[in-house]
Structures are given as structure tokens and as C-alpha cells.
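Student: I am new to this structure and would like to go through it with you. Could we begin once it is displayed?
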Amino acid sequence: MLCADRTPDQILFGNGLSHQCTPSTQDGGLVYALKCAREVDPTFPRVVPHDLRHTAASLVVSAGANVKVLQRLLACASAAMTMHVYTDLFDDDLDSVAVALEQARIISSVGKIWANGAPEEPVTNLKARSA
């Protein structure tokens, strides 16, 4: 943790001695990055710094983090609030859960088949064998 060796009155980010400057909304890094993006694609959408928070949340969800991790990362007051604001990020999870459950079922079926010794015939249709 970054704050493990610091006291509450010490600065956490930057050089640790002085506060970081507030990013410029006129010529800061985000403005420059957007300008470059629009040179490549003139239809690139308008982006504000807060949009980056939603992007970060999307990436965290895509990485498989649970809601409590996302809550802590975004400093939301509760997991319920996190879910309320970012619930649309979890829509694709239904497909992932279905695939994971099917894989677990197959692994469990194979385990049951092999629990009593190797099967006499090749295992080719797990659905038929596990029923």
C-alpha cells in the first residue's frame, strides 16, 4: 500500500512534498489525447475526465473483479450503490456465468464417471452419461 509508511498529514501522490497541479482543461494531457484521437477519427466522441471513471469501472469488471473490489476502487459508499450506477457493465456476465456453470457441470460429470475406475468405453457424450 502506498500509504503504509505515511502519516495522515503527509502527501500521498506526486513527489510527496507538494500537491500535484490540477490538470488543465485547456491544454492538459487529456485534451491532447483527444485532439490526437480526433485527427485519426473525426467522429471520436467528446470525453470528459469523469468518463474515464466509467472506463476504469468497465475494465475492472472485464477483468473479473467482484462488486466489492469495484466499490473500493471507485470509493462508492456501498456495493448496492456501485451496482445501481454500474449495473449495465454486468450484462455480458450472464453469458460468462452460463459457460462457467456448464464447464463445472462437465468437470463434475467426468469426475463421477472416473470415480469408480476408468470407463470401459470411451467417454464421448457426457450429457448422456451424466443423466
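Student: How much space lies in the largest pocket?
Tutor: The largest pocket holds about 220 Å³. A pocket here is an open set of points on a 1 Å grid over the protein atoms alone, where a 1.4 Å probe fits, with protein on both sides within 12 Å along at least five of seven lines. Its volume is the space filled by probe spheres set on the points, which are joined across faces, edges and corners. The model is predicted, so local features need pLDDT of at least 70 and side-chain atom pairs pLDDT 80 or more, while totals for chains, interfaces and linings use all residues. Residues are numbered from 1 along each chain as its sequence is written, and side-chain values use heavy atoms, without hydrogens and water.

Student: Which residues lie nearest the centre of the largest pocket?
Tutor: Those are Ser24, Thr25, Leu30, Val31 and Pro49, out of 13 lining residues, where lining means having an atom within 4 Å of a point.

Student: Changing topic, is Gln71 buried or exposed?
Tutor: Gln71 is buried, because its relative accessibility is 9%; buried means under 20% relative accessible area, exposed over 50%, and partly exposed in between (1.4 Å probe, protein chains only). Gln71 belongs to helix α3, residues 67–74.

Student: Which other residues of α3 are buried?
Tutor: Val67, Leu70 and Leu74 are buried along with Gln71. Seen down the axis of α3, the buried residues fall within an arc of 105°, so they line one face of the helix. The arc is that of the directions from the helix axis to the C-beta atoms.

Student: What do the buried residues of α3 pack against?
Tutor: They pack against α2 (49–62) and α4 (79–86). Gln71 itself touches Cys76, Ala77, Ser78, Ala79 and Thr82, leaving aside residues up to four places away in sequence; contact means heavy atoms within 4.5 Å.

Student: Which residues are exposed on the other side of α3?
Tutor: Arg72 and Leu73 are exposed there.

Student: What happens just after α3?
Tutor: Ala75 takes a positive phi of about 55°, although Ala75 is not a glycine. Ala75 lies in the loop between α3 and α4 and is exposed, with a relative accessible area of 67%.

Key. Helix = DSSP H or I, 4+ residues; strand = E, 2+ residues; numbered from the N terminus.
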